[in-house]
Amino acid sequence: MYSDNALVREVVALARAHNIRHAIVCAGSRNAPLAHSFAACPDIEAIQCVDERSAAFEALGMAEVLQEPVIVCVTSGSAMLDAAPAIAEAFYQEIPLILVSADRPSCWIDQRDGQTMHQPYALKEFVRCSVQLPESGNISHANRLINMAYLAARGPVPGPVHINVPIDEPFFSCTTPELPAPRVLHAERPSGYDVSPDARAEILSARRILIAAGQMPADPDTQAAIARLGRYGVVTIAEHLANLPADTGAVTLADLALAVLSEEESRSLAPDLVITIGGHIVSKRFKRFLRSLEPLSHWHTGTDDSAAPDVFQHLTRLVRTDTNSFLAALEKVLAEKEEAQEKAFQSSWQKMQAALAAKVQAYFADDCLPFSDLACMAHFFNTLPEGSYLHLANSSPVRNAQYFSLPENTHVYCNRGVNGIDGSLSAALGNAIATDRPVFCLIGDLSFFYDSNALWRQQLPGNLHILLFNNGGGNIFRTLPGLNSPYRDTFIAGSNSFSAREQAMQAHLAYASAKTATELDRELPGFVSSNTACLLEVCTDAEICARAQKELVSAVRG
């Protein structure tokens with residue numbers, strides 16, 4: 001049985017018609033008709049959650065793994081605003097997250113009635129489409145609006161959308177046996193890209209082409225194209241978030257290189273044409289390096305007609321197409337190019353990458369290393385199974401992981417759209433729900449405790465593995481140059497003495513802790529091979545961790 005409310009049935013029926021298969025449903029009364037109807041629909045998997053902020057990040061985590069829209073359904077009032085951080089993250093990562101919020105009828109807004117606020121269009125700056133369904137009962141009008149929102153979630157630029165559903169009383173009546181067969185709107189979009197004469201001329205004249213790959217999902221076609229472009233002398237810089245494995249030839253240690261090389265040595269790495277694909281880049285050094293170059297041309301590729309990201313302050317061309325179409329066109333032009341790319345440019349990057357990788361490997365092979373976050377990461381990556389999903393929480397984990405090579409077929413995720421520490425654990429939980437592969441969440445103590453409501457559920461997926469680096473605060477603040485405030489540890493770094501043991505026990509997580517390298521090596525095999533949800537808490541000293549960071553750079557420089 002489904003809700004007797006026609007608007008509610010249209011929302012659920014069209015979700016099914018648009019092949020939206022998953023909905024995270026939050027507790028509430030005003031959204032009870034929606035919650036009931038999503039749960040009753042056999043073609044939609046409804047997943048229960050209490051905390052709306054956590055639920056929205058959980059939906060985001062599912063959507064980024066599945067590469068398809070996921071609904072998060074919330075009740076009226078501030079519950080909708082609790083989803084805002086994940087909506088913003090989805091907007092800047094271009095993830096199709098659908099927020100369905102229940103609302104009071106408009107006549108009760110600003111009348112001091114319970115759980116009322118101005119919900120329509122409250123998130124308009126962070127969604128691709130925002131619709132307010134009509135209260136008049138005009139289902140044809142509602143059908144068009146809902147169709148628009150579901151289509152906008154998928155693209156041409158994927159992203160979050162908001163459907164606000166006014167629901168009047170009585171709303172607990174659910175006696176309708178079937179969903180309607182609604183009108184479904186379909187969108188046709190052309191594909192393909194041809195290089196313009198001007199762009200072709202610029203490619204032919206460029207001698208040092210560099211592709212800066214930002215955060216993007218793993219795509220075999222993109223990976224193959226990057227590998228082929230390397231044969232033409234094109235250099236690709238990619239952090240783990242770009243999901244470009246080692247066999248693509250992508251350079252992964254650019255940030256470390258720019259930390260240890262002299263200004264003169266860095267000049268040999270300077271491109272004359274840089275092309276950005278994907279989303280955000282973590283390294284501040286790499287961005288500062290490209291900003292400092294003169295002259296430099298920067299092309300940005302992407303399907304978002306409203307975006308012109310000039311992150312390097314040298315933007316000259318916007319290529320409005322998808323990544324793979326552009327890479328294919330670029331390869332075609334380079335294949336016809338008579339004058340080869342400057343060999344010294346690619347050679348400098350390749351030699352630098354090989355030398356740094358060898359030095360980093362030698363540094364972590366030293367048994368005399370102090371017990372620190374970096375040393376623990378080295379131990380962990382030595383045991384990470386092939387084919388795993390890796391969720392890197394923001395701040396230190398996403399940066400520290402860059403020093404280590406990844407096993408084959410590792411998929412990497414991180415909330416880098418807005419870069420907050422909130423929601424990392426919830427998003428990792430969503431990753432785990434969306435796949436049967438093992439999911440490893442590498443997370444710091446501030447991010448973990450902030451988002452511990454992600455564990456507030458009856459059962460956690462057995463493939464979720466949480467590696468918690470607990471050094472008693474935000475350790476990245478102890479490594480920032482020039483931060484000498486007497487309030488650094490307390491007000492800035494959020495120092496604390498919390499342990500995750502109690503939360504793990506309450507959530508029925510298999511729990512272990514390690515305070516030495518010996519304990520870590522004893523616990524890691526069981527942690528990585530566990531078939532039940534588990535948490536390994538690594539307890540390190542903050543000052544030692546900060547010192548280890550500096551020692552690594554010194555060792556590589558030496």
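**Entry 1: Ser 3**

I began with a backbone nitrogen, that of Asn 5, which lies 3.0 Å from a polar atom of the Ser 3 side chain. I count a polar contact as a pair of N or O atoms within 3.5 Å; within protein, one must be able to donate a hydrogen and the other to accept it, and residues adjacent in sequence count only if both atoms are side-chain atoms.

A note on the ground rules: this is a predicted model, where local features need pLDDT of at least 70, side-chain atom pairs count only at pLDDT 80 or more, and totals for chains, interfaces and linings use all residues. Residues are numbered from 1 along each chain as its sequence is written, and side-chain values use heavy atoms, with hydrogens and water left out.

Where does Ser 3 sit? I found Ser 3 in the segment before α1 (6-17). Helices (H or I, at least four residues) and strands (E, at least two) are DSSP runs, numbered from the N terminus. Ser 3 has 1% relative accessibility and counts as buried. My scale is buried under 20% relative accessible area, exposed over 50%, and partly exposed in between (1.4 Å probe, protein chains only).

I also listed what Ser 3 touches, with contact meaning heavy atoms within 4.5 Å. Not counting residues up to four places away in sequence, Ser 3 touches Val 8, Arg 9, Pro 33, His 36, Ser 37, Ser 173, Cys 174 and Thr 176.

**Entry 2: helix α11**

Next I looked at α11 (residues 284-291), where Phe 286, Lys 287, Phe 289 and Leu 290 are buried. Why do they line one face of the helix? Seen down the axis of α11, the buried residues fall within an arc of 160 degrees, so they line one face. The arc is taken from the directions from the helix axis to the C-beta atoms. I reminded myself that an α-helix has 3.6 residues a turn, so residues three or four places apart point the same way.

At the N-terminal end of α11, Ser 283 is the cap, with a side-chain oxygen 3.4 Å from the backbone nitrogen of Arg 285.

**Entry 3: the cavity**

On a 1 Å grid over the protein atoms alone, a cavity is a set of points where a 1.4 Å probe fits but cannot get out, and lining residues have an atom within 4 Å of a point. Grid points are joined across faces, edges and corners, and a volume is the space filled by probe spheres set on the points.

How many cavities of 30 Å³ or more are there? I got one by this rule. About 100 Å³ of space lies in the largest cavity. It is lined by 14 residues, and the closest to its centre are Ile 237, Ala 238, Glu 239, Ala 254 and Ile 281. At least two lining residues come from each of β7, β8 and α9.

**Entry 4: cysteines**

I looked for disulfides, taken as pairs of cysteine sulfur atoms within 2.5 Å, and the structure holds zero. The sulfur of Cys 26 is 5.3 Å from the closest cysteine sulfur, in Cys 49, too far for a bond. Cys 26 is buried, at 2% relative accessibility. For Cys 539, the closest cysteine sulfur is in Cys 376 at 9.4 Å, also too far for a bond. Cys 539 is partly exposed, at 24% relative accessibility.

**Entry 5: two buried loop residues**

Ser 372 lies in the loop between α13 (343-365) and α14 (373-381), and is buried with a relative accessible area of 2%. Leaving aside neighbours within four places in sequence, I found Ser 372 in contact with Thr 540, Ile 544, Cys 545 and Ala 548.

Arg 457 has its place in the loop between α17 (445-450) and β15 (464-470). Is Arg 457 buried or exposed? Arg 457 is buried, with a relative accessible area of 14%. Its contacts, again leaving aside neighbours within four places in sequence, include Cys 49, Glu 58 and Leu 429.

Most residues other than glycine have a negative phi, and most peptide bonds are trans. I noted a cis peptide bond from Glu 169 to Pro 170, with omega near -5 degrees. Another cis bond joins Glu 294 and Pro 295, where omega is about 0 degrees; Pro 295 is in the loop between α11 and β10 (297-301).

Ser 395 has a positive phi, near 90 degrees, and is partly exposed with a relative accessible area of 22%. The phi of Asn 409 is positive too, near 65 degrees, and Asn 409 is found in the loop between α15 and β13 (411-413).

Conventions
On a 1 Å grid over the protein atoms alone, a cavity is a set of points where a 1.4 Å probe fits but cannot get out, and a pocket is an open set with protein on both sides within 12 Å along at least five of seven lines; lining residues have an atom within 4 Å of a point.
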